[in-house]
Amino acid sequence: MPPSSHQSTGLRPSRRIRRHTASPTKETAPDPLGAAVRLLSETAHDLKSPLAGIAATMEVIRDGSLGDVTPSQAEFLRGAMNQCRYIDSLIGELARAERLRSGTPRVRRVATKRSAIRESVELATRSILNHKQIDLLWDGADPNSADVLIDPTILTRLLTNLIINAERASQAGSPILIRVEDDLTRGVAVWSVVDRGRGIAPQRLQQISGTSSIESDLGGEGLGLMIARQMASLHYSRLTLRSRVGSGTDAMFETPLATPAGIATTFARFRSQKRGGRSRPKTIQQWKSAAPDVAERELLGGKRVRIETVQHPSSWHEIQLQSDDSRPTRPDRLALGRVTADEECSMEMADLFDETLQYDLSQFELAYRTSRRSWVCALDADHHSMPARMQQIESLSRRATPAMHLHWSEPSIVPVHERSLQCLLLDAMTTRSLAEAPGTIPDVDSVRLGTPEISFSPVASARLDEELRRMNQRMKTQSERLQQQSAALRPQG
């Protein structure tokens, strides 16, 4: 008997369900970050409560309410309390990891000294490394190094995460090296966390390069690496792991140098990599060393320290991990324009707007502050969606700085090709080739708001001339003295 129409209607959903369950690979693809988000959202609140209790107890002990505390004990308590505060902020940030999936993380990239990052990282890892008497060595992070464009909080957490992984794989007393090398051609600073631990087997590296193993390892290194690659992506970089069993592991990522050329080059390269189809993690690469391992020399307390390596016949292996959880809305194009605040905008208002603008950007967008109240913006939009995107930014500005008025240049919709996008960005950042909005007064940052324009001063000019004459006379006197000394040193006859 043929089925009735009612029965036929009832059978269709079950057939659809069977087809859906028959191909789990396509319909239910693994979502490791989604699993991490669900796990963290369920446990974050429970973790915060006992953590707050621990911090309060240590504070009572530190204050001497339960007895006298020696200076060394007080120092360790302060370090432990700092770790509690760090963990509390980390939990709060990870609990909002859904913003990583949506491509709109709260990131504010600013030009930062590497020495400041070094201080933050050492404070966050001191108690962890002291437990195994592990020294944290640094190379290329001195105060005279070039600034980098980073979010200091996120970069500190990224380095701390990688250092903790290195500490787990290292023996007691084995140092960990943080090396920062500038690649001026590519416009980046290359950060490496180098340990001489047990290393990672090639098979394990191959598993890490796939999403399925990361999802199954949410309680261990898989979750840490998953979050780390997301944080690296927020700095327009991939996370690279290079390892050899018995020799150790290098975890590497890049950050833009805080120069127009560095920022334009790095963003253009990152954005072009996101163009087109979804990319996969690179297959494992094998690195065969033509020469024996070179022991690394680093500075520690004014002394040169040598990190010895163990020779093995096996080769190094490398994988690259990148964040593919979100994609640009317009993969093959973006909108390039300039936004400028009116001349009544104070420095405080401009800083607040800059913070608001940076936090609103997706990870595929860029806002570069060219002056006190002018920004070059590369937005994930086209000529259809750009007006709505501009209106959204203006709405955020009105809520944060009601007295501030914005003026937009005519945006240019440009294709995403690395070389051409780099040139366009660099041109906009340096020469201001994008036309200013009508009626906007150019911001030359010549004087502070509310002060008169700089004018010629005869008094200052006379003082400068007098100082130049004095220095000229002094150099002439010294030159004559040197000539006399040189003549006296010549042999007689």
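## Burial and overall make-up

Of the 493 residues in the chain of this predicted model, 42% count as buried. The chain contains 15 helices and 16 strands. Among contacts between residues at least 6 apart in sequence, 78% join residues at least 24 apart.

In soluble globular proteins, nonpolar side chains tend to be buried together. In this model the largest nonpolar core has 39 residues, and Trp191 and Phe253 are the members with the most contacts inside it. Helix H7 (residues 152–169) gives the most to this core, namely seven residues.

With its neighbours within four places in sequence left aside, Trp191 is in contact with a list of residues that includes Ile117, Val148, Leu155, Leu159 and Ile178. Phe253 is also among the contacts of Trp191, as are Ala251, Met252 and Thr255. A second, separate core has 20 residues, including Phe267, Phe270, Val414 and Val416.

## Ile154 in helix H7

Ile154 is found in helix H7. Its relative accessibility is 7%, so Ile154 counts as buried. Apart from neighbours within four places in sequence, Ile154 is in contact with Arg106, Val107, Met231, Leu234 and His235.

## Aromatic pairs

A pair of aromatic rings is described by the distance of the centres and the angle of the planes. The structure holds five aromatic pairs. One of them is formed by Tyr236 and Phe270, with 5.2 Å from centre to centre and 50 degrees between the planes, and this pair is tilted. Tyr236 lies in the loop between helix H10 (221–233) and strand S6 (239–244), while Phe270 lies in helix H11 (residues 260–273), so the pair ties together parts that are 34 residues apart in sequence. Both Tyr236 and Phe270 are buried. Ring pairs also link Tyr236, Phe267, Phe270 and Phe364 into a cluster.

The rings of Phe353 and Trp375 form another pair, with centres 4.9 Å apart. Their planes stand at 75 degrees, so the pair is edge-to-face. Phe353 is in helix H12 (residues 347–360) and Trp375 is in strand S14 (residues 374–379), so that the pair links distant parts of the chain, 22 residues apart. Phe353 has 1% relative accessibility and counts as buried. Trp375, at 0% relative accessibility, counts as buried too.

Arg242 lies over the face of Trp316, at 4.5 Å from the ring centre.

Helix H12 has 14 residues and reaches 20 Å from its first C-alpha to its last. This is close to the 20 Å expected at 1.5 Å a residue. In H12, the buried residues are Ala350, Phe353, Asp354, Thr356, Leu357, Gln358 and Asp360. The buried residues of H12 pack against S13, S14, helix H13 (386–400) and strand S15 (406–408).

Strand S13 (residues 366–371) has five of its six residues buried, so S13 is largely enclosed by the rest of the structure. S13 and S14 pair in the antiparallel sense over five bridges. A hairpin joins S13 to S14 through two residues. Arg369 stands opposite Trp375 in S14, and Trp375 is the residue whose ring pairs with Phe353.

## Two residues with positive phi

Most residues other than glycine have a negative phi, and most peptide bonds are trans. Gln133 is not a glycine, yet its phi is positive, near 50 degrees. Gln133 is found in the loop between helix H6 (114–130) and strand S2 (136–139). With a relative accessible area of 64%, Gln133 is exposed.

Tyr236 has a positive phi of about 60 degrees, although it is not a glycine. Its place is in the loop between H10 and S6. Tyr236 has a relative accessible area of 4% and is buried, whereas Gln133 is exposed.

Technical notes. Residues numbered from 1 in each chain as written. Predicted model: local features only at pLDDT ≥ 70, side-chain atom pairs only at ≥ 80, totals over all residues. Heavy atoms only, no water. Phe/Tyr/Trp six-rings, centres within 6.5 Å; stacked < 30°, edge-to-face > 60°. Helix = DSSP H or I, 4+ residues; strand = E, 2+ residues; numbered from the N terminus. Buried < 20%, exposed > 50% of the residue type's maximum accessible area, 1.4 Å probe, protein only. Lys NZ or Arg CZ within 6 Å of the ring centre and 35° of its normal. Core = buried A, V, L, I, M, F, W, Y, C linked by side-chain atoms within 4.5 Å. Contact = heavy atoms within 4.5 Å. Pairing = 2+ DSSP bridges. Expected span 1.5 Å × (residues − 1).
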